[in-house]
Amino acid sequence: MGSTTTPSSSSLLIFLVILAVVSGEARDPFACDPKDGANAGFPFCRKSIGIGERVKDLIGRLTLEEKVRLLVNNAAGVPRLGIKGYEWWSEALHGVSNVGPGTKFSGDFPGATSFPQVITTAASFNSSLWEAIGQVVSDEARAMYNGGAAGLTFWSPNVNIFRDPRWGRGQETPGEDPVLAGKYAARYVRGLQGNAGDRLKVAACCKHFTAYDLDNWNGVDRFHFDARVSKQEMEDTFDVPFRSCVVEGKVASVMCSYNQVNGVPTCADPNLLRNTVRKQWHLNGYVVSDCDSVGVFYDNQHYTNTPEEAAADAIKAGLDLDCGPFLAIHTQDAIKKGLVSEADVDSALVNTVTVQMRLGMFDGEPSAQPFGDLGPKDVCSPAHQELALEAARQGIVLLKNHGHSLPLSTRRHRSIAVIGPNSDANVTMIGNYAGIPCEYTTPLQGIGRYSRTIHQKGCADVACSEDQLFAGAIDAASQADATVLVMGLDQSIEAEAKDRADLLLPGRQQELVSKVAKASRGPTVLVLMSGGPVDVSFAKKDPRIAAIVWTGYPGQAGGAAIADILFGVANPGGKLPMTWYPQEYLSKVPMTTMAMRAIPSKAYPGRTYRFYKGPVVYPFGHGLSYTNFVHTIAQAPTAVAIPLHGHHNTTVSGKAIRVTHAKCNRLSIALHLDVKNVGNKDGSHTLLVFSKPPAGHWAPHKQLVAFEKVHVAARTQQRVQINIHVCKYLSVVDRSGIRRIPMGQHGLHIGDTKHLVSLQAAALGVIKS
């Protein structure tokens, strides 16, 4: 387009382009425009031939200068081939976001549905919900793409392990458990990418690979941190969600992280990118850097002596796309110096262009493609907004309910004192990596739908550094039939580039809560907004605080969901996806120590429910309901024979069989559970199945192996079948990073119910230690 524009028409063209973007008009084709007779006939534009051939044809037509300009997120156009520029960077962590430059809200697309932050959605333990959210987000993303307001490559989800409770980005993750994180990754990615075989609705990206869970703590930042990780911890914890994302979710992209792992920047590590992600897990897609990561390992980490060496190391390691300008600037010189070849660049482009082809970007008119009918009517639709509300309801966790103080009654509690720095919060509810929501319902607005409210903030903000507003809050509590304190954190306390210093409520929040609870005429409910855990031991122990509710960051409809839970219109069914530690725990665990397992000789207590046995405020998986559920095992095997491959000697170490030596394909244990709701209120129950392996040095204390969400009406019963894949979930990892299945008695725990199953080898070859 630029080559045919005259100076006199350029201002008109710019105006028309701006008008098209603002008004959300249908976009012109990215490439292969059927109206462009000169370019539409290229073989790479022919849908009748295979994508591989089309990609090869396109790359064969590019000059080296054109190729290197395609190695970065703001990829340049190739006008002579009818290809426009493309911005790869868009985000969709929990709704279409404008954090990346690829997405703009305006005109026909003033906002998009903003779902709860991931940590909240994870607390639902509802995998079908995660996929449904992904489907809605991709509908809205495609609609915005069709209207010229977004791209099709979304660098979400974040599936790092919430290893340390201080991490500012823990809110973006599905929590501390690798199985939970892996299942979340696969289901959300499936929702985003669709189920049309090799074709993609949008291209998702699992990030940040790997061992990235420190942003800025005690003088150490993510740009300089070298995560020292054992083979055991890598296989057992950090790799699990990424493997699931690639192998089961079929994700189209993986993002490497800023940090080093064992002395090598992740974006320059061929063992991680080429060997693990591509060769072992068979990534069908591209590897992208976190933004400016290549520049970071040259400029900040001084990993190479020259920028050309940095560019060459990244490309040869398996990096296909640089978020940042580094590869566009330095790759040609790296080729001239013989550090990397043009064939290496071609290999990178095969991966990126193939994804663009799978998205239909070389198929001509977007309106004539699948999803081409999606438009403004499909963004912020009533159904989408209702799902955001339902997701918030399902993710809210009831931590304490002394004397069945909740739910509140519209008859008995006709006036509610609504207090706290987050009591009328809107932006706080959507967390980080959010866009512009369709609308907000704040906690104050939500509660106001049920009862008359008396509103006092009590603290000017979450920092709560002064007590000038305390008196008004205390007075309000003394007048009302019930008091709801909405406290907690926001992005000024925990965020990207900001890890927390402690686990306590900030400033004088605790003082406000205690004083208000003491003065309250009716029951006092503490509602917490936070991504990470908060040590609220004081409130847990205080009999004047009747109930505690954790909401995470509950999204655009958070206030409505909170009110629905408080007044019993919805029955809470969320469970904590991370351990809530006491403040004292922090003195024993530097954020920089990556070990998950306890090290008794160093008084290091270990991390997460899998390896830490010390005191907690609330444990992983904790969450109450307004009804009571009882579950019993109706049917389950007591012994399972592990069939072995017979063509080689089978290695058994410490009575544990290598997973690679077992015939794993359909080897699973079926548990049949009866779940009975013995209360008077319908509700959803989360079945968490933990395995306790036979005693040994390698194993976690216990490990989540399966979970299922089941809705059970009051006074009724449901039978649920849960299948546990033996090799995936009953295996443990030895110190060499080898996954093995321990022989002997495995305990399966579902709440207070316990079942023992014995695993034995069906046939052994030569037994070796």
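Author: This is a predicted model, in which local features need pLDDT of at least 70 and side-chain atom pairs count only at pLDDT 80 or more, while totals for chains, interfaces and linings use all residues. Residues are numbered from 1 along each chain as its sequence is written, and side-chain values use heavy atoms, without hydrogens and water.

Reader: What makes helix 8 lie across strand 3 and strand 7?

Author: Contact means heavy atoms within 4.5 Å. Helix 8 (residues 240-247) lies across these two strands, at about 145° to strand 3. Angles run from 0 to 180 degrees between N-to-C directions, with axes fitted to C-alpha atoms, for helices over the stretch in contact. Helices (H or I, at least four residues) and strands (E, at least two) are DSSP runs, numbered from the N terminus.

Reader: Why is the link of Cys 256 and Cys 267 called a disulfide?

Author: A disulfide is a pair of cysteine sulfur atoms within 2.5 Å; the S to S distance of Cys 256 and Cys 267 is 2.1 Å. The pair therefore meets the criterion. Cys 256 lies in strand 7 and Cys 267 in the loop between strand 9 (264-265) and helix 9, so the pair ties together parts eleven residues apart in sequence.

Reader: Why is Cys 267 called buried?

Author: Buried means under 20% relative accessible area, exposed over 50%, partly exposed in between (1.4 Å probe, protein chains only). Cys 267 has 1% relative accessibility, so Cys 267 counts as buried.
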